[in-house]
Amino acid sequence: FHQDTRLRPLKAVENWVSNINEKIQDVATKEHRYGVFLSHQGIKTDGYGYQDSKMKIIMDLSKNRLQNDLCFKDKKKVPVFLDMDMIPGDRQHETMLFSVCKSDKVMVFLDKEFFARKWCLMEYFLAKSRNGAIMPFLVDMKIDTPVMPIPLPTGVVCSEMVAISEPTNEKVLGVLRRYFCEKESSEYTDRY
């Protein structure tokens with residue numbers, strides 16, 4: 001991804017990602033389809049080897065709340081993808097790439113370091129290339145001007161992001177509940 005996009009203008013990157021997304025849709029299976037994919041910049045460690053507990057807490061709480069509150073038509077729980085739950089292995093990147101493309105909703109947790117990470121940008125643009133899939137949230141970041149380092153999805157403005165910058169907000173959960181209550185669980189992975 002980095003080599004292919006290093007010197008290209010933003011529109012070329014978006015086109016490249018859109019083409020990749022279409023190809024992945026053809027080869028990814030039901031095992032890669034989650035209801036919600038949680039995209040974040042990763043859990044950093046400080047100079048003493050301790051993990052950044054705030055982002056870990058946000059991710060854990062978000063995943064638990066979403067899995068406890070969201071159900072399909074048949075009352076089975078909606079699977080939520082969080083990379084921290086993965087068992088390290090040789091197919092980890094493939095699984096993440098396929099899952100971000102196949103998941104119905106991608107919650108993107110934007111913080112100051114998100115835009116500096118190539119993998120995060122790829123997840124963002126893959127989700128953005130699918131209409132209605134991306135749901136951005138701010139973490140420890142305030143926006144004083146409507147300028148973002150990358151374009152926001154159509155119809156999303158900075159003031160809306162600030163107003164609902166919590167994935168467990170009742171407004172957000174209500175939208176997701178209505179969306180998933182009409183879906184069949186058999187179309188999704190049974191991994192949680």
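This is a predicted model: local features need pLDDT of at least 70, side-chain atom pairs count only at pLDDT 80 or more; totals for chains, interfaces and linings use all residues.
Student: How do the axes of helix 4 and helix 5 sit, in distance and angle?

Tutor: The axes of helix 4 (residues 92-102) and helix 5 (residues 118-128) come within 9 Å, and they cross at roughly 30 degrees. Because angles under 35 degrees count as roughly parallel, helix 4 is roughly parallel to helix 5.

Student: Is the crossing left-handed or right-handed?

Tutor: Helix 4 passes helix 5 in a right-handed crossing.

Student: Which residues meet there?

Tutor: From helix 4, His-93, Met-96, Leu-97, Val-100 and Cys-101 meet Trp-119, Met-122, Glu-123 and Leu-126 of helix 5. By class, that contact has seven nonpolar residues, one polar and one charged.

Student: Switching topic: how many salt bridges?

Tutor: The count comes to seven. One of them joins Asp-69 and Arg-65, at 2.8 Å from N to O. Both residues lie in helix 3 (residues 53-69), four residues apart, about one turn of the helix.

Student: What does Lys-73 pair with?

Tutor: Lys-73 forms a salt bridge with Glu-184, its closest N and O atoms being 3.4 Å apart. Lys-73 lies in the loop between helix 3 and strand 2 (80-81), and Glu-184 in the segment after helix 7 (170-180), so the pair ties together parts that are 111 residues apart in sequence.

Student: How accessible is Lys-73, and what about Glu-184?

Tutor: Lys-73 is partly exposed at 47% relative accessibility, and Glu-184 is partly exposed at 32%.

Notes: Residues are numbered from 1 along each chain as its sequence is written. Side-chain values use heavy atoms; hydrogens and water are left out. Axes are lines fitted to C-alpha atoms, for helices over the stretch in contact, and angles run from 0 to 180 degrees between N-to-C directions. Helices (H or I, at least four residues) and strands (E, at least two) are DSSP runs, numbered from the N terminus. Angles under 35 degrees count as roughly parallel, over 145 as roughly antiparallel, 65 to 115 as roughly perpendicular and the rest as oblique. A crossing is left-handed if the near helix is turned anticlockwise from the far one by less than a right angle, and right-handed if clockwise. Contact means heavy atoms within 4.5 Å. Ala, Val, Leu, Ile, Met, Phe, Trp, Tyr, Cys and Pro count as nonpolar, Asp, Glu, Lys and Arg as charged, and the others, Gly among them, as polar. A salt bridge is a side-chain nitrogen of Lys or Arg within 4 Å of a carboxyl oxygen of Asp or Glu. Buried means under 20% relative accessible area, exposed over 50%, partly exposed in between (1.4 Å probe, protein chains only).
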